[in-house]
Amino acid sequence: SGIVLVAINPYEQLPIYEQDVIYAYSGQNMGDMDPHIFAVAEEAYKQMARDEKNQSIIVSGESGAGKTVSAKYAMRFFATVGGSSSETNIEAKVLASSPIMEAIGNAKTTRNDNSSRFGKYIQIGFDKRYHIIGANMRTYLLEKSRVVFQAEDERNYHIFYQLCASSSLPEFKDLGLSKCWHIPVPCW
């Protein structure tokens with residue numbers, strides 16, 4: 001294991017992730033500035049360029065901790081320092097690459113009404129000049145047990161309730177959803 005950064009989700013936008021902050025961390029050595037997701041991203045980017053070896057950043061935490069947001073900030077950092085930010089909004093494109101999976105794999109937890117129950121493995125490809133040339137995201141289901149059991153105050157996957165609410169529609173007749181046990185469906 002390498003560097004560990006503990007970040008806290010403030011549940012509001014703060015001016016610590018702006019473009020000027022990216023430029024402030026770009027080219028800096030680890031420890032020269034305050035701990036930040038951009039410092040971790042800079043270290044990985046620098047080691048990739050220096051050693052010409054793949055680097056990994058593991059973003060871990062509980063539901064609602066801000067893992068997806070931290071990953072977006074790291075991708076924005078790479079796009080900016082790699083000269084790709086003006087050409088594309090890489091974090092938006094990568095994270096939008098599996099909206100169907102996200103729609104099926106989100107559920108209500110005690111900490112987050114729309115929590116993704118998928119883990120994500122994001123690979124970002126760089127060319128010889130260290131500019132982003134592509135990205136790929138793989139997803140894997142974290143909680144298969146949620147299908148048959150939910151903790152108190154939690155819910156199954158949102159798609160389950162939506163299918164039950166639509167069970168009387170003619171196009172859903174062949175799905176065998178006629179007995180959804182009168183499950184209340186939330187309005188979002």
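1. Tyr-130 lies in the loop between β3 (118–126) and β4 (132–141), where strands are DSSP runs of E with at least two residues and helices are runs of H or I with at least four residues, numbered from the N terminus. The phi of Tyr-130 is near 65°, a positive value in a residue other than glycine. At 22% relative accessibility, Tyr-130 counts as partly exposed, a term for values between buried (under 20% relative accessible area) and exposed (over 50%), with a 1.4 Å probe and protein chains only.

2. A word on the basis of this note. This is a predicted model, in which local features need pLDDT of at least 70 and side-chain atom pairs count only at pLDDT 80 or more, while totals for chains, interfaces and linings use all residues. Residues are numbered from 1 along each chain as its sequence is written, and side-chain values use heavy atoms, with hydrogens and water left out.

3. Glu-52 is found in the loop between α2 and α3, and although Glu-52 is not a glycine, its phi is positive, at about 50°. With a relative accessible area of 65%, Glu-52 is exposed.

4. The unreviewed UniProt entry carries a "binding site" annotation that covers Gly-61, Glu-62, Ser-63, Gly-64, Ala-65, Gly-66, Lys-67 and Thr-68; UniProt positions are given in the numbering used here, feature names are shortened, and annotations may be inferred rather than shown by experiment.

5. Among the annotated residues, Ala-65 lies in the loop between α2 (37–51) and α3 (67–81), and Ala-65 counts as partly exposed at 33% relative accessibility. Gly-66 is also placed in the loop between α2 and α3, but Gly-66 is buried, because its relative accessible area is 15%.
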